[in-house]
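Please read the following account beside the sequence and the coordinates. It goes from the parts of a chain to the pairs of chains and then to the DNA.

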Number of protein chains: 4
Amino acid sequence: MTEELSRPKLRREREREHRCRTILDAAETLFADQGFLKTSVDQVADAAEVSVGTVYFYFKNKETLLAKLFDESLFLLRSILGQEFETARTPVQGMEMAGKAFFDKFCTQYTRKALILFREAPSHGKKMADRRKKMSETLSTDLSQAIDRLGEEAGYSFRSPASSVVFANCILGVYEKMAFHFLTDDLRPGSRKAMAMDAVEFTVGGIRQITASGPHQAVSEAGP
Amino acid sequence: MTEELSRPKLRREREREHRCRTILDAAETLFADQGFLKTSVDQVADAAEVSVGTVYFYFKNKETLLAKLFDESLFLLRSILGQEFETARTPVQGMEMAGKAFFDKFCTQYTRKALILFREAPSHGKKMADRRKKMSETLSTDLSQAIDRLGEEAGYSFRSPASSVVFANCILGVYEKMAFHFLTDDLRPGSRKAMAMDAVEFTVGGIRQITASGPHQAVSEAGP
Amino acid sequence: MTEELSRPKLRREREREHRCRTILDAAETLFADQGFLKTSVDQVADAAEVSVGTVYFYFKNKETLLAKLFDESLFLLRSILGQEFETARTPVQGMEMAGKAFFDKFCTQYTRKALILFREAPSHGKKMADRRKKMSETLSTDLSQAIDRLGEEAGYSFRSPASSVVFANCILGVYEKMAFHFLTDDLRPGSRKAMAMDAVEFTVGGIRQITASGPHQAVSEAGP
Amino acid sequence: MTEELSRPKLRREREREHRCRTILDAAETLFADQGFLKTSVDQVADAAEVSVGTVYFYFKNKETLLAKLFDESLFLLRSILGQEFETARTPVQGMEMAGKAFFDKFCTQYTRKALILFREAPSHGKKMADRRKKMSETLSTDLSQAIDRLGEEAGYSFRSPASSVVFANCILGVYEKMAFHFLTDDLRPGSRKAMAMDAVEFTVGGIRQITASGPHQAVSEAGP
DNA sequence: GATGAATGAGCGTTCATTCAT
DNA sequence: TATGAATGAACGCTCATTCAT
């Protein structure tokens, strides 16, 4: 028994996905522009050129729509960051490159996705709170692994096994905050750039300092 | 002829303030518990055991209520942090003590105020967006001054005059994020403590590392 | 390929119009009975046996509802008056017949429409004030044309080109006032009839007298 | 037993009246400026520099306030018109002079009072409806007496005894309407003047024509 | 599958009026 | 008398969601 679908079914499937995409894209634009709360389902339907009913046929409710977009954005962000870490030769370099990619690629090229990830309030219902929590966890897990590796290389042992997760969250905090400024403030490209570099430097510095054994000593790679 | 108010007027004044407080307290609790948006003015009135009209007698509208609470929280936070910085003998020590006070005092003893400051969405109308922006600016200005002093002492010059503000914002990002976890996650006291310490260490580390390194070349390019 | 709509669409359209009418009729009755201000949208919805939401689905807001009714009433009135003028052989006869039709037809058969046109305050928001102004202008333009013709036939030239408009407004004033009495007072049919005739006579008389007199010196100064 | 009050009582009385006046004046200005509905009792109290309670101490409710002002305006208007009629040598001249005084004196010098009399909707509650009715009746009674006299002098007998009242109302209709334009439209002084003259001419003409026995003949005083 | 009219609970806000002081 | 804080019913309006077609 093959798993392949009959021709018309395939077409159906394709159309289905296309409709879904259209709606999601419309929602993404609107949510990013006006925020989730100020966007009505009618607006999404209008923008997607379908009826409200259709939106509800494909998505259980407005929140689900946001959740889907949230997941997509998160997936994209992880891809981008993951790629940087894979390319990098050291965990530190990975963090630097990922940090730069966060601003230069994610926030710059996928502004709408970034806005959905970082601007929407934590409290649009329980489902979104959970989602947001999960996002945090996912990203901080990713990051904490790099930090653990970094710590191992430096022969440093953390206060507790959870410490690396905490540090990961700290880094996320920095990025969330800076992303918000990056996306929201009206800045000159120059200061945007500078801001991004300073932020990256800060996070890397934070980790380096901690994993350095002696006080104020340069870490392995950055030695005199 | 003195300017002091007559006895009954004074009493009136006192009662007035008391009613104000009652309403603010009710609002604070509800906003912290359910969020600003999910709290209706009727609920606030009920909780304060007054009528809706009374709420509107004392506060122009719902947003103003939030704004007032926001300002109060911010004022308290600044007091707490300022005190620590003043007591401290060095900027670094100030940052450490302030960091600890942030978690142990502000987030722990004034949980509701912390929630209002750190959980409410940036966009509950323009007034709140501005308020939030101003909060960020206020705090980052406070902090950036400490950072500037720290940089001077270390004989370090930043990439740009704005850098210390960026770093200040990074630190705020860390604290906002960690505050959120601190307030929201269901943690054992132990890990709460550890989390706070790690976070403080991270921020201080970030600054130290930066001010300790050579003059602002991007770190990745400074490798051997 | 015809442009005609498919069968179900046509039915939809029909139902749509029907709902609209139902709501408008309910509103007309209520506005005429209790006045616009004392009628709530909920009442309109109840009377039309639909939900509030439905009212707002068809009409932008309460004011729009009134405006629609207003326009309809005005249109009907103009049709009735226009018909009389067209049938009449002379402008004077036109004015007489139109005057009679105003009371016997418009006020009598379309009482509610008359009430909406003549009883609602000039100031239920800017939109209605404008509408009312426009009504006055429309009707006085209609009338002033008849007066101009009448003046020409009588070989009379007015004090100013605007005079005929002023006279038209005078006539409107008479009719508005008398309509109010006609609709509001509790009169015997006999006195209603007499009242109408007297009013018509008055307006026609006013115009006649003016166009018959010598050239526009103020009357008091024209004494011997 | 004398009716004179003791000294302090007199003062009390004086102060009472003064307070009343202050409140009424404040209300008059506000009602004339913004309309009755858009003026809140608080605003009146503020403008009169008293408390809301005081307003309610002197006036049963908001409507009563309007009613009082209404009565005052009506009284003033009657005084003005009555004076003209008394001064005039013939009823026709009286009507002319009264008409002019209506525009040049009442509407021009007592604009606020005129606005209260002629702009406020007929439907601000039952009491005001009655009041308005009474105003109409009072004025039309005044006027109808002049018309009766005029008819007698001309040896004319009306369709019915009520006819003169109807004519009086017609005249009122003209004046109400024109007053509204006079007070509301943005006119040059010149057209204001012309408008007023045309309106007066119209009303006088209307009556003259009716009371003239033969068609188009000049009436006694206005003969060639 | 798709439509879009219908729903109705819920919201923020106003303001005439009352009444304890 | 005078105050002004307190009341609470009422209003216009929104919008996520449903469901007959």
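The paragraphs below give the conventions and then go through the structure part by part.

This is a predicted model, in which local features need pLDDT of at least 70 and side-chain atom pairs count only at pLDDT 80 or more, while totals for chains, interfaces and linings use all residues. Residues are numbered from 1 along each chain as its sequence is written, and chains are lettered from A and ligands numbered from 1 in the order in which they are written.

Seven residues of domain 1 of chain A are in contact with seven residues of domain 2 of chain A, where contact requires C-beta atoms, placed from the backbone, within 7 Å. On the side of domain 1 of chain A that touches domain 2 of chain A, the residues divide into five nonpolar, one polar and one charged. In this classification Ala, Val, Leu, Ile, Met, Phe, Trp, Tyr, Cys and Pro count as nonpolar, Asp, Glu, Lys and Arg as charged, and the others, Gly among them, as polar.

One residue of chain A can be followed in more detail. Ala48(A) has its place in helix 2 (residues 41-48) of chain A; helices are DSSP runs (H or I, at least four residues), numbered from the N terminus. Ala48(A) is buried, with 22 other C-beta atoms within 10 Å. The term buried applies if 20 or more other C-beta atoms, placed from the backbone, lie within 10 Å of the residue's own. Leaving aside its neighbours within four places in sequence, Ala48(A) is in contact with Thr22(A), Ile23(A) and Ala26(A). Ala48(A) and Asp142(A) are 94 residues apart in sequence, and their C-alpha atoms are 35 Å apart in space.

Next come the pairs of chains. How many residues of chain B are in contact with chain A? There are 39 residues of chain B in contact with 39 residues of chain A. The elements giving two or more residues to the side of chain B that touches chain A are helix 8 (163-184) and helix 9 (189-212) of chain B. Helix 9 of chain B makes the largest share of that side, 15 residues. By class, the side of chain B that touches chain A divides into 18 nonpolar, 14 polar and seven charged residues.

Helix 8 of chain B is mostly covered, with 19 of its 22 residues buried. At 1.5 Å a residue, the 22 residues of helix 8 of chain B should span 32 Å, and its end C-alpha atoms are 31 Å apart, which agrees. The expected span is 1.5 Å times one less than the number of residues.

Superposition is by least squares on the C-alpha atoms of residues with pLDDT of at least 70 in both copies.

Chain C is superposed on chain D by a rotation of 177° with 0.1 Å of shift along its axis (RMSD 0.5 Å). The copies meet through the same surface, so 88% of the interface residues of chain C are also interface residues in chain D.

The DNA strands remain. Of the 32 residues around DNA strand E, Gly53(A), Ser40(B), Asn61(B), Gly53(C) and Asn61(D) come nearest; a residue is near a strand if its C-beta atom, placed from the backbone, lies within 6 Å of it. The surface near DNA strand E has 12 nonpolar, 12 polar and eight charged residues. Around DNA strand F there are 32 residues, of which Asn61(A), Gly53(B), Ser40(C), Asn61(C) and Gly53(D) come nearest.

Definitions and conventions. Two residues are in contact if their C-beta atoms, placed from the backbone, lie within 7 Å. A residue is buried if 20 or more other C-beta atoms lie within 10 Å of its own, exposed if 12 or fewer, and partly exposed in between; C-beta atoms are placed from the backbone.
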